[in-house]
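Subject: Structure handover, with notes on helix packing and cavities

Dear colleague,

Please find the structure below. My notes on what was found in it follow.

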Amino acid sequence: MKLPEHDRDFRGYAGLSPIRQWPNGSTLAVSVVVNVEEGAELSRGMGDESNEFIYEAVERVEGQRDLCMESHFEYGTRAGWPRLRGVLRQYGVRASMSCNGRAVALSPWLAQEAVADGHEISAHGWRWERHVAMDEAHERKVIADTVDALQAASGTPTVGWHTRSATSVNTRRLLVEHGGFLYDSNAYNDDLPYAVSISGTPHIVLPYSFDTNDMRFNNNGGFVQADDFSTYCIDAFDRLLAESATQPRMLSVGLHLRIIGKAARIGGLEKFLAHASSKTGVWFARRDEIAHAWRAATGLGPWQARR
C-alpha cells in the first residue's frame with residue numbers, strides 16, 4: 001500500500017546527538033517549567049462562552065458562573081505561587097514561567113516577582129485553550145495579544161511559546177512570522193531540542209513532557225502522594241543522567257501553581273530538586289538559555305528577534 005505524503009519525522013537523531021555537551025561541560029540539561037494559567041481558564045465570570053471543567057473534581061457547570069472552579073484556580077496565585085517560589089529560591093533554580101496572557105494581565109505582580117528571581121517569562125497563549133481549531137487571523141491576534149500582555153507586565157521580551165495541548169497547523173509559522181520567538185515547546189517527541197526550517201528560517205523546538213509533570217495528580221493520572229511525583233521524576237532524571245555520559249540529554253519537569261503548590265504535594269518537588277542538585281554534570285537552565293545554547297552548539301549562530 002502506498003503511504004500518504006507527510007512531513008512527520010520518526011527517526012530523529014537515531015541516537016546520535018549533534019552536540020557533545022551543554023555549557024560548562026554539563027551533560028544533562030534540566031528545564032523546570034512553571035505554568036501560570038490562573039484567571040485564563042474558561043470562565044463565565046470572565047465573560048467567556050463556557051466554564052473550564054478540567055480539574056481534580058470533573059464537573060460541568062453550564063449557563064452559570066462556576067464559583068467552585070474559579071476558586072480552585074485562584075488557589076494557584078494566592079497560596080501556590082508563594083510556596084513554589086520559596087522552593088525554587090531555596091535550590092537556586094531559575095525556571096521558565098509559561099504564562100497565559102490573561103493570567104498575567106490579572107496578576108502582573110506575579111510576573112514581576114518571577115523576573116526579580118531570574119525566571120524566564122514565556123508565552124502559553126492568551127486563554128488556557130487549544131489552538132487547533134483557530135482560524136489564522138484570530139490565532140495571529142492571540143499571539144500578538146499574549147506577547148503584549150506578558151511584556152507589559154514583566155518588562156522583559158517573550159521569546160518562547162507553548163500552546164495548551166493541540167496547536168493549529170499554522171501555529172509554528174505564525175510564531176516565526178511574528179518575529180519575536182526563539183523557540184516553541186509544541187512537541188513531545190524527543191529528549192533533545194531540534195531545529196526546523198520555517199520558510200527558510202531556522203527555528204528551535206524544545207520538546208516538553210506530560211509524564212514528568214504534576215498534571216498527573218489530576219484525573220486519575222497516577223500521582224496521589226507527593227512521593228509519586230518525586231519518585232517518577234527522579235527515575236527519569238537518573239536514567240537520562242546515565243545516558244548523558246555518552247550522549248547529552250534534556251529533562252523537562254512541568255509544574256502548575258494550583259497543583260504542585262498544594263501543601264501535601266510541594267514536598268515531592270523538594271525531594272526531586274534535592275536529589276538532582278546533588279549530582280554533577282547537571283545544568284538547571286531556563287528554556288531560552290537551552291535554545292540559545294543549542295543554536296550555538298549546532299552552528300546556527302546567534303539569534304536576534306526581528307521585531
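A cavity here is a set of points, on a 1 Å grid over the protein atoms alone, where a 1.4 Å probe fits but cannot get out. A pocket is an open set with protein on both sides within 12 Å along at least five of seven lines, and lining residues, for either, have an atom within 4 Å of a point. Grid points are joined across faces, edges and corners, and a volume is the space filled by probe spheres set on the points.

This is a predicted model, in which local features need pLDDT of at least 70 and side-chain atom pairs count only at pLDDT 80 or more, while totals for chains, interfaces and linings use all residues. Residues are numbered from 1 along each chain as its sequence is written, and side-chain values use heavy atoms, with hydrogens and water left out.

Cavity

The count comes to 1 cavity of 30 Å³ or more. The largest cavity has a volume of about 40 Å³. Its lining consists of Val33, Ser96, Ser98, Ser122, Ala123, Trp161, His162, Tyr183, Ser185 and Arg287. Strand E2 (96-99) and strand E3 (120-123) are the elements that give two or more residues to this lining. Helices (H or I, at least four residues) and strands (E, at least two) are DSSP runs, numbered from the N terminus. By class, the lining of the largest cavity has 4 nonpolar, 5 polar and 1 charged residues. Ala, Val, Leu, Ile, Met, Phe, Trp, Tyr, Cys and Pro count as nonpolar, Asp, Glu, Lys and Arg as charged, and the others, Gly among them, as polar.

The largest pocket has a volume of about 820 Å³. Of the 22 residues that line the largest pocket, Asp7, Arg8, Arg172, Asn189 and Tyr194 lie nearest its centre. Helix H5 and strand E6 (194-198) are the elements that give two or more residues to this lining, and the largest share, 4 residues, comes from E6. The lining of the largest pocket divides into 8 nonpolar, 7 polar and 7 charged residues.

The second largest pocket holds about 330 Å³ of space. It is lined by 20 residues, and the closest to its centre are Trp128, Arg164, Ser165, Met215 and His256. Its lining has 7 nonpolar, 9 polar and 4 charged residues.

Helix packing

Axes are lines fitted to C-alpha atoms, for helices over the stretch in contact, and angles run from 0 to 180 degrees between N-to-C directions. Contact means heavy atoms within 4.5 Å.

Helix H1 (residues 67-91) and helix H8 (residues 266-277) cross at roughly 10°, and their axes come within 10 Å. H1 is therefore roughly parallel to H8; angles under 35 degrees count as roughly parallel, over 145 as roughly antiparallel, 65 to 115 as roughly perpendicular and the rest as oblique. On the H1 side, Arg83, Leu84, Val87, Leu88, Gln90 and Tyr91 meet Ile266, Leu269, Glu270, Leu273, Ala274 and Ser277 of H8. This contact of H1 with H8 has 8 nonpolar, 2 polar and 2 charged residues.

H1 also packs with helix H3 (residues 108-116), at an angle of about 0° and with the axes 12 Å apart. That makes H1 roughly parallel to H3. Thr77, Trp81 and Arg85 of H1 make the contact with Trp109, Leu110, Glu113 and Ala114 of H3.

Helix H4 (residues 136-154) packs with helix H5 (residues 171-178) at an angle of about 50°, with their axes 10 Å apart. H4 is therefore oblique to H5. In H4, Glu136, Glu139, Arg140, Ile143, Ala144 and Val147 meet Thr171, Arg173, Leu174, Leu175, Glu177 and His178 in H5. The residues of this contact of H4 with H5 comprise 5 nonpolar, 2 polar and 5 charged.

Regards
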